[in-house]
Amino acid sequence: MSISAASHLSPSYPDRAARGTAGRLRAWQQAALDEYMGREPRDFLAVATPGAGKTTFALRIATELLDRHVVNTITIVAPTEHLKTQWAEAAHRVGIRIDPNYSGVTGGTSRDYQGIAVTYAGVAAHPMLHRNRVEGRRTLVILDEIHHAGDSKSWGEAAYEAFEPATRRLALTGTPFRSDTNPIPFVTYAPDNEGVRRSIADYSYGYGSALADGVVRPVVFMSYAGRMRWRTKAGDEIAMQLNEPMTNDAVKQAWRTALDPAGDWMPQVLRAADRRLREVRRGIPDAGGLVIATDQGAARAYADILKDITGKRPTVVVSDDPSSSSKISEFTDNDDRWMVAVRMVSEGVDVPRLAVGVYATGISTPLFFAQAVGRFVRARRHGETASVFVPSIPMLLEFANEMERQRDHALDKPTGATTTEDVWGEEEALLAEANRTEKEQGYEEDLFTFQALNSEAEFDRVLYDGAEFGLPADPGSREEAEYLGLPGLLEPEHIKVLLAKRQQMHLSSARKKALLRSQAEAIVGAEERPVMTRKQLLELRKELQGLVGAWHHKTGKPHGTIHGELRRTCGGPAVAQATATQLQKRIDMVRRWAAEGGN
């Protein structure tokens, strides 16, 4: 294939173009190309939302520069090994031969190749080798997800040392912001009105614009709360609702409790996510789901849960598995339902059929969240929607409500400013370390100071386009099903209308239940409705949780299943809303089961 073939390059390659874009560049790609060719700068930073087609844009520029002999070789720098291969395959489609196996040890490659693909870590290991390459050749350096060059001082310095002599440099990113203040090489900074130096993009194309153009899918966030119980370092047992006000430490502990595979929260959320995926596949038969886990142990445990739910073990992707890249490629091309990954699919990896996600990691930076959600927004056909399940954690809900906000990288922070990035600096450090080593890390640093005891999920709300819909509902309830059953093919302007209708139905149902409950309670005599202090009510809940835990160990039934059986047998709402009389009936019922040896 000749280089000039790129003049008709499809925006996302065959079968992946958004409606009306096949056979020509998307409007933003053409506008960015015109900007680049009009100025022909040595450095150019393009910021475009995940799924918009940055790879296509970059390869179009590469073919133009090669065809005009402005450059005679290409160096592509990517965050991960898998992305190197992905870039090489994409380049091959337009006639550019890229070696993704280039090694800094040998320092050479075949003359059949027109360039190489390397990682930022590889550049950091041999910066002078790459400098010698670009000094001896007219080179275009494509820096994919350029913010990774700021992951550590050594990475940034190595990238600058290696590519400072390059003829042209094209920097790409879908998430230009970082939580730290490490400068990113080859990026221009200028002070804003408050004197904070911020990155300046040569061309920007945000999620809001891409959504309006039909280039990306709208994202519906399904938020889940629930009751969490854990033991602290001091040995204290704490029980709290995931969405109620807490200290930062309590939020992290409640969050970890929710993500514990041994509890009921994750199985209940995964079951809801699979139900949502089944609904989406009615209109999109090959739609896939992705669970993003914190560490390898959790990923494999989630895979076991999904196997119990679906009857088939999902694809599991972890970074130290040499077959990870091929697993991602296989999942991309088949029609399997689920994949579970540890960060490897959080950025840049192109799996367009992903339509349902579960955010099951403890990382809470806006950078990582945006990268993760970006895996689900790639549109292939008109009307597709994406659904992402998240814990009801304040910071995550804030990020979800601000999907359309454009943020630039700041080198300075206002004096005395406190941001979510500052609060969660520990998590950003964890992410940076993971990017440097490509090894998963969990919470080993305090493995012996914290113990998740049990958890229960509760549907909390739906977030879409800055608005919130729905009321709390039990897993498996008709109210929850109203939201999980949203059509997988739906116009963005119709989603809000349909969500508002579902919410109205939910409110009507809640009013009827409240009326029936108040009528039933009015019938109960005063002697059956003892006055209880909050402390006494908590003691009853604790006693019930202990009995349910004991019955779980004896029968192997999940906590949620036992609570469900108790509610069906004894009546009443979830534990958090149950009266003292209702709690006592359930306590008596579990004791009866134990005495009779079964239920």
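Let me start with the sheet. Seven strands make an open sheet, in the order β3-β4-β2-β5-β6-β1-β9, and the pairing is parallel. Its edge strands are β3 (98–99) and β9 (203–205), each of which pairs on one side only. Strands here are DSSP runs of E with at least two residues, helices are runs of H or I with at least four, and both are numbered from the N terminus. Two strands count as paired if DSSP finds at least two bridges between them.

A word on the source. This is a predicted model: local features need pLDDT of at least 70, side-chain atom pairs count only at pLDDT 80 or more, and totals for chains, interfaces and linings use all residues. Residues are numbered from 1 along each chain as its sequence is written, and side-chain values use heavy atoms, with hydrogens and water left out.

Now the whole chain. DSSP gives 20 helices and 18 strands. There are 599 residues, and 55% of them count as buried. Buried means under 20% relative accessible area, exposed means over 50%, and partly exposed is in between, with a 1.4 Å probe and protein chains only. The accessible surface is about 25,300 Å², and carbon and sulfur atoms hold 50% of that. These areas come from the Shrake-Rupley method with a 1.4 Å probe; for residues, only the protein chains shown count as cover. Next, contacts, meaning heavy atoms within 4.5 Å. Take those between residues at least 6 apart in sequence: 74% join residues at least 24 apart.

Back to the sheet. Strand β2 (residues 73–78) runs parallel to strand β4 (residues 115–119), and five bridges join them. A78 stands opposite T119 in β4. Keep those two residues in mind.

Next, helix α3. How far apart are its end C-alpha atoms? They are 19 Å apart, which agrees with the 18 Å that 13 residues should span at 1.5 Å a residue. That expected span is 1.5 Å times one less than the number of residues. Buried residues in α3 include L83, W87 and A88. Just after the helix, G95 takes a positive phi of about 90°.

Is H82 buried or exposed? H82 counts as buried because its relative accessibility is 7%. Its side chain makes a polar contact of 2.6 Å with the side chain of S325. A polar contact is a pair of N or O atoms within 3.5 Å; within protein, one must be able to donate a hydrogen and the other to accept it, and residues adjacent in sequence count only if both atoms are side-chain atoms.

Second, K84, also in α3. K84 is buried, because its relative accessible area is 8%. Its side chain has a polar contact of 3.1 Å with that of E81. What does K84 touch, leaving aside neighbours within four places in sequence? K84 is in contact with A78, P100, A117, V118 and T119.

Strand β7 (residues 188–191) joins strand β8 (residues 197–200) over four bridges. Y189 has S199 in β8 as its bridge partner. The two strands form a hairpin with five residues between them, and G195 in the turn has a positive phi of about 85°.

Last topic: salt bridges. The rule is a side-chain nitrogen of Lys or Arg within 4 Å of a carboxyl oxygen of Asp or Glu. By that rule there are 28. One of them joins E135 and R131, with the closest N and O atoms 3.3 Å apart. These two sit four residues apart in helix α5 (residues 127–136), so about one helical turn separates them.

K496 and D465 form another, at 3.3 Å from N to O. K496 lies in helix α17 (residues 492–523) and D465 in the loop between β17 (451–464) and β18 (467–469), so the pair ties together parts 31 residues apart in sequence. K496 is partly exposed at 32%, and D465 is partly exposed at 43%.

E565 and K557 pair as well, their closest N and O atoms being 3.2 Å apart. E565 is buried at 16%, whereas K557 is partly exposed at 25%. Finally, R217, D286, R380 and E384 are linked in a network of salt bridges.
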